[in-house]
Amino acid sequence: ADLHLELPTTLGDISYSYRNRKPLPEVISRTAPDGYEWKMELVGRSAYAFLLRRIMHLEADPDAIVSKALDQTPGALLDLVPTQSGKADLVLRSGDLLAQFLSLDLEHVHSQLRTTLGGNGQIEISALFAECGKDEITTVVPVHIQTEKGSLQANKILRNLSYASIQFPNTPCRAVVVQVLDHNVLALFEIEKEFDELRIVQEHHVRLIR
């Protein structure tokens, strides 16, 4: 029988969509107790589980003051990048926006880092920066770049923090989210985890001037 369903290109699109973009079906979400929500998470290679988690709404402050910053990224390079997240990554690497935000002397380590890490399954980190001392890494900064409006993606922030705690267990971690609010406006958030909840440590909005 024809069920009139629009099938995904790949089955993996279904799990990715519900993990990162779409809310779970109401028949599932309504079973969560007040103040909690079900999240679909990777727990191993091609293995998923529904986890009950406190609802965390982290959003940009609509009344935040927007400062101006000179964007030093060559326009020719920006023209080569088709996505907003890719352009934001270039901006972070070309200037000292992130270093000034955190008051750290940062070096870019990797972009679009994909790795499989223990029971967390596959992790994808938008960018990884680090501050280095003479003989050691003194701070790691995993960055999640978000182009979607609205609440920050708590699941991805938690994965970044999990990656840092496992990969760099003895190194301080300062997790950052960069949200694209407008064509030339970025919101930078430093996020930390307290018990089972995330909180915004500091927030800064900047308009890029070219």
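Reader: How are helices and strands defined, and how many of each does the secondary structure of the protein chain contain?
Author: Helices (H or I, at least four residues) and strands (E, at least two) are DSSP runs, numbered from the N terminus. This is a predicted model, in which local features need pLDDT of at least 70 and side-chain atom pairs count only at pLDDT 80 or more, while totals for chains, interfaces and linings use all residues. Residues are numbered from 1 along each chain as its sequence is written, and side-chain values use heavy atoms, with hydrogens and water left out. For the protein chain, the secondary structure comes to 6 helices and 9 strands.

Reader: What radius of gyration does the protein chain have, against the value of the globule rule?
Author: The radius of gyration is taken over C-alpha atoms, and the globule rule is 2.2 Å times the number of residues to the power 0.38. For 210 residues the rule gives 17 Å, and the chain is close to that, so it is as compact as a globular protein of that length. The radius of gyration is 18 Å.

Reader: What is the strand order of the open sheet, and which are its edge strands?
Author: Two strands pair if DSSP finds at least two bridges between them. The open sheet has 7 strands with mixed pairing, in the order β3-β9-β8-β7-β6-β5-β4. Pairing on one side only marks the edge strands, β3 (66-70) and β4 (106-116).

Reader: In which sense do β5 and β6 pair, and over how many bridges?
Author: Strands of a sheet pair through backbone hydrogen bonds, either parallel or antiparallel. Within this pair, Leu-128 stands opposite Pro-142 in β6. Strand β5 (residues 122-132) and strand β6 (residues 137-146) pair in the antiparallel sense, over 6 bridges.

Reader: Which strands does helix α6 touch, and what angle does its direction make with that of β5?
Author: Contact means heavy atoms within 4.5 Å. Axes are lines fitted to C-alpha atoms, for helices over the stretch in contact, and angles run from 0 to 180 degrees between N-to-C directions. Helix α6 (residues 154-167) packs on the sheet, touching β4, β5, β6, β7, β8 and β9. Its direction makes with that of β5 an angle of about 55 degrees.

Reader: How many residues of α6 are buried?
Author: Buried means under 20% relative accessible area, exposed over 50%, and partly exposed in between (1.4 Å probe, protein chains only). The buried residues of α6 include Ile-157, Leu-158 and Leu-161. The helix is mostly covered, the number buried being 11 of its 14 residues.

Reader: What phi does Ser-103 have, and is the residue buried or exposed?
Author: Most residues other than glycine have a negative phi, and most peptide bonds are trans. Ser-103 is in the loop between α5 (97-102) and β4, and its phi is positive, at about 55 degrees. With a relative accessible area of 65%, Ser-103 is exposed.

Reader: How far apart in space are Lys-39 and Leu-51, C-alpha to C-alpha?
Author: Lys-39 lies in strand β1 (residues 36-44). Not counting residues up to four places away in sequence, Lys-39 touches several residues, among them Leu-24, Phe-50 and Leu-51. Lys-39 and Leu-51 are 12 residues apart in sequence, and their C-alpha separation in space is 5.2 Å.
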